[in-house]
Number of protein chains: 2
Amino acid sequence: MQIIESIGTMQKWSEQKRLQGKRVVLVPTMGYLHGAHLELVREGRKHGDCLVVSVFVNPSQFPPGEDFAAYPRDFQRDRGLLEGEGVDVIFHPGSEAVYPPGYQTRVEVGELSRFLCGPHRPGHFQGVATVVAKLFNMVRPRVAVFGLKDYQQFLIIRRLVEDLNFDIEVVGHPIVREPDGLAMSSRNVYLNAEERKSALCLSRALKKAEDLVLRGERDGGGILRQVGDEIAREPLVRPEYVKLCDPENLQSIKKVEGKALLALAVRVGKARLIDNSLLGA
Amino acid sequence: MQIIESIGTMQKWSEQKRLQGKRVVLVPTMGYLHGAHLELVREGRKHGDCLVVSVFVNPSQFPPGEDFAAYPRDFQRDRGLLEGEGVDVIFHPGSEAVYPPGYQTRVEVGELSRFLCGPHRPGHFQGVATVVAKLFNMVRPRVAVFGLKDYQQFLIIRRLVEDLNFDIEVVGHPIVREPDGLAMSSRNVYLNAEERKSALCLSRALKKAEDLVLRGERDGGGILRQVGDEIAREPLVRPEYVKLCDPENLQSIKKVEGKALLALAVRVGKARLIDNSLLGA
């Protein structure tokens with residue numbers, strides 16, 4: 001396994017692989033890897049010959065006041081985990097190389113960024129779209145794999161690729177959960193034991209909504225009420241939004257006809273957690 | 001010479017050339033080609049093996065109220081001229097393919113877009129940055145050639161390439177002038193005989209400034225006054241801006257120390273004309 005820090009070296013490596021007819025797959029991460037990341041890596045392996053995992057905590061996607069400085073990092077641990085997965089390259093550029101002095105370009109996926117997490121994290125999706133466009137040009141993959149816990153991010157990146165004509169296939173991988181149902185996230189380390197237990201109301205609420213829809217419930221208001229009640233039972237959990245929306249354009253919907261995305265964001269202690277489920281799928 | 005309209009076909013063609021070890025050069029144009037475009041094409045030829053000229057009148061770079069509908073077009077003529085230059089591919093995509101329904105991504109080079117033409121053409125440089133990022137992904141050139149009459153555009157694209165890590169060399173080609181000094185532009189066809197004669201004050205004013213600097217003038221105010229006087233003598237010419245600025249970051253300067261960009265924009269009849277000169281170079 002190679003560790004590449006230089007952007008130019010990464011570009012040359014990838015171009016070399018391309019000229020050899022190899023299919024490069026990218027799994028972008030912010031490091032502090034957990035089981036869900038490793039599943040993305042295994043998913044990535046299915047889609048090509050050369051597997052690159054980027055580890056970069058992107059400052060521009062943390063709005064002011066968020067946890068950029070506190071975001072957990074442990075590169076040596078990440079390195080060991082990725083070596084165990086047989087990854088070909090860890091791409092680990094420095095902030096100064098990614099955002100050199102004079103840097104001033106922004107990429108924005110306008111409509112999709114307006115919904116769900118958008119208003120709560122001003123500039124976040126612009127930061128994501130910009131760094132992903134950059135990573136795509138640094139690594140030039142044929143395929144890129146993203147987790148569906150960040151469902152809105154997945155939609156935004158899929159749109160970015162289509163709108164800017166990147167010749168890249170975007171693969172979404174299903175949410176990976178702990179045995180008790182909590183969606184895996186690097187931010188789960190912020191939770192103490194009590195908060196962690198409270199946070200289980202998210203997956204419980206989603207499960208309840210899934211059951212309601214399976215039993216024939218179609219009324220969005222009814223579903224949202226029961227989901228809201230489930231979360232409200234946990235005083236440590238402060239809901240940020242609970243939304244039922246169209247899984248393609250994220251516009252709110254009132255009835256579950258075909259597929260509907262139920263998306264949640266809450267705060268628990270120092271952590272902001274998101275989770276979602278595709279209902280009626 | 002091939003004419004390619006499909007984005008997918010263009011991407012495959014370019015990938016094929018890349019795998020054959022060829023260097024693809026792109027000259028992006030909005031068509032209605034004149035002598036300066038043909039010089040860009042000849043410049044492009046020097047930088048690689050395969051020459052692609054794109055012809056696309058990009059709607060998103062025309063702010064509301066500008067001349068998008070009236071912008072001159074003559075594809076058959078362009079085709080003949082480019083065939084004469086031995087171009088390999090004319091890339092001529094349709095608007096619907098470039099901006100399909102649901103399109104919503106914007107690329108913006110923030111700082112450099114704030115100066116000179118930026119405030120007079122709201123959204124123009126965002127449209128330029130976005131379409132150029134798209135064209136780069138459609139054609140995947142190693143080198144792209146732009147004319148320096150659009151000096152601000154050149155700076156913005158160079159910055160875009162650096163900021164988004166496109167693996168592309170951006171080449172700027174000097175302004176090409178008619179024998180009487182008028183900078184070549186597709187928009188010159190808007191001028192009637194009298195307006196065209198008046199428009200010569202632009203190159204005259206630039207020449208005067210060059211002479212002043214050669215003779216040792218360093219005071220920006222003095223230079224701008226004489227340039228302004230030269231333009232004011234032509235009642236058909238309505239100045240939009242006359243600026244002396246740093247040729248790297250476009251900030252206004254008061255003294256010519258090292259290089260200085262003198263940039264002009266005026267309106268004459270239906271035409272908006274720009275011109276510039278790098279003083280002290």
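Two residues are in contact here if their C-beta atoms, placed from the backbone, lie within 7 Å. This is a predicted model, in which local features need pLDDT of at least 70, side-chain atom pairs count only at pLDDT 80 or more, and totals for chains, interfaces and linings use all residues. Residues are numbered from 1 along each chain as its sequence is written, and chains are lettered from A and ligands numbered from 1 in the order in which they are written.

**Stop 1: the domains of chain A**

Select residues 2–173 of chain A for domain 1 and 186–279 for domain 2; such bounds come from an automatic or database domain assignment. The C-alpha centres of these two domains of chain A are 26 Å apart. Between them, 13 residues of domain 1 touch 13 residues of domain 2 in chain A. On the domain 1 side, helix H5 (117–120) and H7 of chain A each supply at least two residues, and H7(A) has the largest share, with three residues. Helices (H or I, at least four residues) and strands (E, at least two) are DSSP runs numbered from the N terminus. That side of domain 1 of chain A divides into nine nonpolar residues, three polar and one charged. Ala, Val, Leu, Ile, Met, Phe, Trp, Tyr, Cys and Pro count as nonpolar, Asp, Glu, Lys and Arg as charged, and the others, Gly among them, as polar.

**Stop 2: the sheet of chain A**

Next, show the six strands of the open, parallel sheet of chain A, in the order E1-E4-E3-E2-E6-E7. Two strands pair if DSSP finds at least two bridges between them. At the edges are E1 (2–4) and E7 (169–173) of chain A, each pairing on one side only. Within the sheet, select E2 (24–29) and E3 (50–55) of chain A, a parallel pair with six bridges. Here A:Thr29 is opposite A:Val55.

**Stop 3: where chain B meets chain A**

Show both chains: 24 residues of chain B are in contact with 24 of chain A. Which element gives the most to the side of chain B that touches chain A? E5(B) does, with five residues. That side of chain B divides into eleven nonpolar, six polar and seven charged residues. Finally, select E5 (105–109) of chain A: five bridges join this strand to E5(B), and the two run antiparallel. One bridge partner to pick out is B:Arg106, which pairs with A:Glu108.
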